[in-house]
Amino acid sequence: MNTTILEKIKSTYSEEFGGAPEIIVRSPGRINLIGEHTDYNLGFVLPAAVDKSIYMALGKSGSKKSRLVSVDQDEDFSFDISQPTFKVEQKWYNYVLGAACELLSIGKELDGFNVVFSGDVPQGAGMSSSAALECGTALGLNELFGLGLEKEQIIKASQKAEHNYVGVMCGIMDQFASVMGKEDQVILLDCRSLEYNYFPLELKEYSLLLCNSHVSHNLASSEYNVRRTQCEEGVALLKSHYPQVESLRDVTMEMLQTHKDEFDAVVYLRCKYVVEENERVERFCDALKRHDFDEVSSILASAQDAMKNEYEITCPEIDFMADFANSKEEVKGARMMGGGFGGCTINLVKNEYIPTFKEELASQYKAKFDIDLDFYDVNISDGTHIIK
Ligand code: GAF
């Protein structure tokens with residue numbers, strides 16, 4: 001719990017709106033151990049919520065007017081809840097406005113509300129600060145107005161906010177992990193059925209470490225949507241041969257190889273990546289349960305390689321960091337995490353090697369790109385919840 005942020009949003013709320021907020025929500029970012037871009041292909045992912053979170057103070061406004069205050073951006077945004085107007089854009093207020101509008105669109109009644117929020121989820125780091133904000137809004141409004149929503153409705157409304165108000169056609173992983181996170185447990189999620197299992201992360205003498213490249217490319221969201229479209233193109237082609245195929249989840253390497261010549265070369269590579277990434281999730285879970293860290297290491301390195309060469313969602317800075325990590329005996333695998341084109345790598349590093357790893361990587365990265373790296377320890381935490 002970040003008490004400094006908590007105190008800041010409470011004091012800003014009373015300065016802006018008078019009195020104390022009615023509700024305070026903590027909504028976490030997430031990590032993902034393996035399974036990138038498999039969620040919208042209805043495959044498998046292995047995320048967990050972390051202790052880095054968005055904190056939101058909410059209260060009813062007593063009218064139809066609503067006002068949102070972002071402490072970190074030092075900006076505010078007002079709208080009328082009976083006539084919300086917006087432009088699809090990646091502006092912070094669209095995550096909040098979008099979640100509210102998605103609740104309206106499923107027939108929930110909202111009155112005007114005030115929000116002050118701040119957080120410590122690094123933005124553009126692939127840790128899903130946007131899902132944290134959407135889920136925090138949906139859960140906070142559910143509590144504020146007694147909407148009686150199930151967790152699954154909160155997750156789906158938050159995902160739709162991202163589609164319809166931000167313009168990123170994301171899968172369900174980030175919102176699911178943010179809401180369903182559980183302390184010290186990772187979540188193996190089937191993105192088609194939404195069935196899930198928690199299991200404890202037993203890493204023995206290793207720890208997860210995130211390295212923030214501080215690179216965040218503008219093309220990330222447009223390229224994300226392009227990847228999704230390419231996967232859909234692959235599914236359409238295969239469906240003409242195998243009517244049972246509804247998503248890349250239903251596709252095997254054998255099917256792909258049989259029809260390779262009919263594919264556009266790039267679409268083929270994208271589909272191959274997704275089919276193999278789904279297999280990697282399964283193998284990774286087995287290896288983790290057996291504490292076979294050499295196998296974990298080779299799966300993470302091959303996932304990185306495939307994101308670089310087949311899905312083409314990495315960038316030179318990320319490749320440099322992952323190559324550095326994957327060349328070290330004491331590192332049991334490293335790969336880019338999240339949507340791509342920058343953000344963090346996730347690394348499994350031997351505890352006693354962590355200080356040297358940080359020092360060497362930071363100095364080589366600085367020398368090559370003139371950027372200061374940030375490192376985050378991973379503390380797996382509970383999902384979105386009301387603090388007050
Ligand atoms: C982003 C998306 F929001 C997720 O749905 C997921 O596709 C991820 O990229 C890649 O695995 O975080």
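Okay, let's start with threonine 4. With 9 C-beta neighbours inside 10 Å, threonine 4 counts as exposed, because the cut-off for exposed is 12 or fewer. Keep in mind that this is a predicted model. Threonine 4 sits in helix α1, which runs over residues 3–17. If you look for lysine 328, that's 324 residues along the chain from threonine 4, and their C-alpha atoms are 37 Å apart.

Now the two annotated domains. UniProt, in an unreviewed entry, puts "GHMP kinase N-terminal" at residues 94–182. That span is 58% helix and 8% strand, with 27 Å between its end C-alpha atoms.

Next, helix α11, residues 354–369. Its 16 residues reach 22 Å from first C-alpha to last, close to the 22 Å expected. Which residues of α11 are buried? They're Phe357, Leu361 and Tyr365. They cover an arc of only 40° around the axis, so they end up on the same side of α11. What do they pack against? That would be β9, α10, β10 and β11. The face turned away from that buried side carries exposed residues, including Glu359, Ser363 and Lys366. And just after α11, aspartate 370 takes a positive phi of about 55°.

Last stop, the ligand. Among the residues around the ligand are Glu36, His37, Asp39, Ser128, Cys170 and Gly338. By type, the shell divides into three nonpolar, five polar and three charged residues. That's my tour, thanks!

Notes. Residues are numbered from 1 along each chain as its sequence is written. This is a predicted model: local features need pLDDT of at least 70, side-chain atom pairs count only at pLDDT 80 or more; totals for chains, interfaces and linings use all residues. A residue is near a molecule or strand if its C-beta atom, placed from the backbone, lies within 6 Å of it. Ala, Val, Leu, Ile, Met, Phe, Trp, Tyr, Cys and Pro count as nonpolar, Asp, Glu, Lys and Arg as charged, and the others, Gly among them, as polar. Helices (H or I, at least four residues) and strands (E, at least two) are DSSP runs, numbered from the N terminus. A residue is buried if 20 or more other C-beta atoms lie within 10 Å of its own, exposed if 12 or fewer, and partly exposed in between; C-beta atoms are placed from the backbone. UniProt positions are given in the numbering used here, feature names are shortened, and annotations may be inferred rather than shown by experiment. The expected span of a helix is 1.5 Å times one less than its number of residues. The arc is that of the directions from the helix axis to the C-beta atoms. Two residues are in contact if their C-beta atoms, placed from the backbone, lie within 7 Å.
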